[in-house]
Amino acid sequence: MQKYKTDLKICQNSDLGELLNILLPHTKRAYFVGGCVRDSLLGIECVDFDIEIYDISPKDFENLMQKHGALGVGKSFFVYKWRNFDLALARVESKNGRGHKAFSVNVCDDERKASSRRDFSINAIMVNIFNGELLDFYDGINDLKHKILKIVDEKSFKDDSLRVLRAIQFASRFNLNIEAKSIQIMRQIDISDLSSERIRMELYKFFNAKNYIKGVKALKELNLDEKIFGVKIPLNFAKTANTHHKITQNPLCFLYDLSVKFPNLNIIKGCESVLKQPVLKSKSTKNLLKLALKMPLKEWLGLNTSALINKAKKLKIYDKKLSININSANFKNLSPKQKSLAIENAQKIAINARANAHKKALFLGIDLGSNTLRACIINQDEKILFSFERIVGSAKNLSQNGLADDAKARIKKALGEFKAELKSWLDDFFKNTSEHLGQSLASNPYKNFNKISNTIMPIYYYGAATQAFRISKNAKDFFKEIKNELKISFNIINASTEAALTRQGITNRACILGINFKNALFVDLGGASTEISNNAHFKSFDFGIVTFSQNALFDIDLSKAFSSKNPQNKELLKAKNLAKNCVSEAKNYANSFDLECVILTSGVPTSVAAVLKRISYANYDARLINGVSLSLTDLEKSAQIIASARSPELLVGKDRANLVLGGILLLSELLANLNAPFIVIDDGLREGISLALKNRNLARKTLKF
């Protein structure tokens, strides 16, 4: 027996002090027993407390309980309820008939003997309420530690067949393995004397447990799966059912999943409602909508994955049924058969309309940055259908008066090219879409675009402009010109919004790639600013590859400096020192986080990844870049490759070599002391905008031509 002091939380119960004063004149032997001790040792919050009391006669105990207003809840077993305590005299029990009430009960004065009536060692641990002394006669603490479920006393255990089912729920709830000898004992016990209600109540605790695998293992070891359910339950079934239960949080989930797998399942009495739950062969959109005619899908046990719940919410059938519009006046002169057909047709129309409604939209995000114009279209399934990118150098030659005339000309030219490419893509897209939807359009579907956009498939867009336009005095006037000439509206967003939308684009791609970004740092090196953030914090810094190149590197030829074989090249050392000074504040900020990885987005890291993977600028493919890992050595290596290339424009694009090399210097200094892997993701602000449009987190505008 183990015997020692404890500081368990149960000894700090707020009402315990008053109870101690009540009992102290009569005894010093009173113990917390059973589940409250076990749960406290496991760190589980206790609500009800069982206390076993010694040294008081049954008559004196009854008088004491009545004096303090305790309620007798099992007088024949010497049990009283006082506040949230179940108070009982220590007792021993012996079976004297059939059924769970057929016991003779006697008061016991010996702790070891009293605890021997407990079912399992983990429930036979005692804690003295006066001094915290812990009594463990049957090694229950060690069994808890080693995840073992062990019978205390074979004879006492066999007196109550319900204990066999308790073993299953304990194994499942507390992740326990049943001891081999205990399995042999329990296999000998007939549970046919148990009422269906007692079986259901005990199994409900198993159905509500977190670890079905241990419970199913116990069922199989005790040969009870066939006895109770009429089927042999495969162990791998438990894993799937466990996943579903985490989503539904419904104890009937286990039985539903079992009934789907085994249609001839013996259903537990009192759980027959499971058999009324629909079973779908295919959980397609139309089948879900058909089901929603009968019930909101949140009431369906088959809605057991996050993907299905999200789908139901998108279809607007999660918490309400799919309604159909029927004018009763039109039914007056119809026969019952005609009326049934009319309702069936109305249902089909409602189902088709709702099924197509969530698909009939495209979402266009436009990111006009300080160096690059990027745009993409996604559909309702978040698949990228169209993308566009051009270098515009918005921040180049930026002055106190604002955007330079040549920068404005480049932006207008790029936007014109964007519209032309978009028109061409839309022609092909709407040809296919109109045929699919059964629409008859003219030979040039683009002529009907505004009609299609309004009635069949609207394109919602949002244009965002960033740092160069935030600081430009003439930006608003320039965007008025853009709207009048090109019919595209832009919003100058603040740095915080830019970081949040960029992070949305990055994390969406990270989820697809299976990258854990919980403790990631996001770095977006732009043309005129750099945003650094994690899931909780954000800061924007006033440097980018265009402004750094223009303001700091105006007299340095980086291609020549990097290609020099002299590691002490003065020009390169000067450039590195300028980069170090430029990023010093941002570097301190980045180093203040505990992080597991750094996710890099924007043109510089994607260009570096492409160069290292030998992908030319013309053949750039984001799918080959997303998820690429980089190191500081990789940054240095890519700079050498770009600087030594005879035609660097083939690697990084026209007039971009010096910008990319400057960006490599900035990144190298910024990331120098971060002890975490660097991961490249191409997705950023434009993708984040498209996703925010789809999720209605941005004001939508309908694209017109």
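The model is predicted. The protein chain holds 30 helices and 24 strands. Of its 705 residues, 51% are buried.

**Whole chain**

- The accessible surface of the protein chain is about 34,000 Å², and carbon and sulfur atoms account for 48% of that surface.
- Counting contacts between residues at least 6 apart in sequence, 67% join residues that are at least 24 apart.

**Helix 12**

- Helix 12 covers residues 235-248, which makes 14 residues.
- At 1.5 Å a residue, helix 12 should span 20 Å, and its end C-alpha atoms lie 21 Å apart, so the two values agree.
- The buried residues of helix 12 are Phe237, Ala238, Ala241, Asn242, His244 and His245.
- In an α-helix there are 3.6 residues a turn, so residues three or four places apart point the same way.
- The partners against which the buried residues of helix 12 pack are helix 9 (196-207), helix 10 (212-221) and helix 13 (253-261).

**Lys155**

- Lys155 belongs to helix 6, which runs over residues 154-158.
- Lys155 has a relative accessible area of 62%; the cut-off for exposed is over 50%, so Lys155 counts as exposed.
- Between Lys155 and Ser116 there are 39 residues of separation in sequence, while their C-alpha atoms are 9.8 Å apart in space.

Technical notes
Residues numbered from 1 in each chain as written. Predicted model: local features only at pLDDT ≥ 70, side-chain atom pairs only at ≥ 80, totals over all residues. Heavy atoms only, no water. Helix = DSSP H or I, 4+ residues; strand = E, 2+ residues; numbered from the N terminus. Buried < 20%, exposed > 50% of the residue type's maximum accessible area, 1.4 Å probe, protein only. Expected span 1.5 Å × (residues − 1). Contact = heavy atoms within 4.5 Å. Areas by Shrake-Rupley, 256 points an atom, 1.4 Å probe, with all protein chains shown as cover.
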